Amino acid sequence: MSKPEILVLGRLRPPAIAALEAHFTLVQPDPGIAPGEAVAATGDRFRAIACNGARIDEAVFSKLPHLAIVASFGVGYDNVDAAEAGRRGVIVTNTPDVLTEEVADTTLGLLLMTVRELSAAERHLRAGKWLEGPYPLTKGTLRDRKAGIAGLGRIGKAIARRLEAFGVPVVYHSRRPVEGVAYPHYPDLVAMARDVDTLISVMPGGPATEKKIGKAVLEALGPRGVLINIGRGTVVDEAALAEALASRTIHAAGLDVFAREPHVPEALLAADNAVLLPHVGSGSEHTRDAMGQLLVDNLVAWSEGRPPVTPVAETPFTAWRG
Ligand code: 8YV
């Protein structure tokens with residue numbers, strides 16, 4: 001019996017490719033070609049997609065009339081129009097849980113780098129400036145801070161646990177209180193920003209959160225304020241943030257994500273009070289391979305007629321085109 005075909009859109013690491021090849025025949029268009037174009041002539045062949053970052057929207061769905069499943073790499077799936085998938089009876093899966101601790105570790109690293117200026121201090125040493133004098137004492141410290149986490153899902157909770165261990169009090173913002181959580185809840189983001197000096201965003205991307213962290217939130221955070229963004233870049237109004245950093249409306253920012261990756265606005269690159277990382281939150285081989293394996297497990301479950309392991313909320317497993 002021939003193996004089912006999988007359309008691979010975007011890059012996957014060799015272990016995931018090898019694991020997929022054990023079960024499927026892979027069709028891998030050049031990742032530089034837009035998904036709609038890549039499937040223009042052959043779309044009705046495919047019932048399953050494995051994707052990493054590729055935009056899968058209405059235009060792509062319309063070229064894939066027999067599609068049953070989109071297995072997306074990453075916990076965030078703002079690149080996939082999951083609501084449209086739901087309407088079409090297509091299951092979308094993501095890769096939660098396996099990256100939670102890694103992303104939380106990176107968040108604490110980025111927070112410390114930002115508050116204690118660790119990357120600037122290392123640059124001072126490497127430039128030979130230590131010979132001329134010590135690196136200046138930092139204005140920032142974790143010792144007197146209070147953190148507000150925007151988005152208290154699995155990753156937000158893992159960050160909160162670490163902050164507790166560091167002795168930093170935690171509050172959180174989400175639309176509704178999270179069950180079983182004792183941290184104080186703020187339904188209003190500006191109100192929370194006013195009450196904390198360290199805002200950590202783990203919010204997902206998409207239209208509902210676009211530019212939620214803008215001028216009003218940054219002003220509320222105030223001159224001691226530190227913004228850490230580990231979720232999605234689109235959540236921050238980057239022009240307003242660059243302005244707030246330049247005018248010292250806030251003290252500093254640590255960013256792992258940007259609105260138009262891999263492009264980073266010049267005004268942020270110019271900010272000496274910003275620590276900028278190239279979206280490395282989950283970026284260890286260990287964790288990326290666990291994510292890859294979960295993507296494969298979802299597709300194998302589909303091909304064997306079993307329920308998907310990690311379907312997204314918009315496409316719960318009820319009836320699907322197995
Ligand atoms: C990945 C991420 O780097 O899981 C996510 O949502 O942002 C990251 O862990 C990204 O998905 C890789 O494409």
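**Notebook: ligand, sheet, helices**

I began at the ligand: one of its oxygen atoms is 2.6 Å from an N or O atom in the side chain of asparagine 52. I count this as a polar contact (a pair of N or O atoms within 3.5 Å; within protein, one must be able to donate a hydrogen and the other to accept it, and residues adjacent in sequence count only if both atoms are side-chain atoms).

I noted that the model is predicted, with pLDDT of at least 70 needed for local features and 80 or more for side-chain atom pairs, while totals for chains, interfaces and linings use all residues. Residues are numbered from 1 along each chain as its sequence is written, and side-chain values use heavy atoms, with hydrogens and water left out.

I then looked at the backbone beside the ligand. A polar backbone atom of valine 75 is 2.7 Å from a ligand oxygen, and a backbone N or O atom of glycine 76 lies 2.8 Å from a ligand oxygen. I listed the residues around the ligand (a heavy atom within 4 Å of it); among them are Phe73, Leu99, Arg232, His279 and Arg288.

Next I traced the sheet. Helices (H or I, at least four residues) and strands (E, at least two) are DSSP runs numbered from the N terminus, and two strands pair if DSSP finds at least two bridges between them. I found an open sheet of seven parallel strands in the order E8-E7-E6-E9-E10-E11-E12. E8 (185-186) and E12 (274-276) are at the edges with a single partner strand each, so one side of each has no neighbour in the sheet. I checked E6 (residues 147-150) against E7 (residues 170-173) and found four bridges, with alanine 147 opposite valine 170.

I turned to helix H7 (residues 154-165). Its twelve residues should span 16 Å at 1.5 Å a residue, and its end C-alpha atoms are 17 Å apart, which agrees; the expected span is 1.5 Å times one less than the number of residues. I found Ile155, Ala158, Ile159 and Leu163 among its buried residues (buried means under 20% relative accessible area, exposed over 50%, partly exposed in between; 1.4 Å probe, protein chains only). H5, E6, E7 and E9 are included in what covers them.

Last, I looked up asparagine 298 in helix H12 (residues 285-303). Asparagine 298 is buried, at a relative accessible area of 0%. Its side chain makes a polar contact of 2.8 Å with the side chain of threonine 310. Beyond its neighbours within four places in sequence, I list its contacts (heavy atoms within 4.5 Å) as including Ile69, Thr93 and Pro308.
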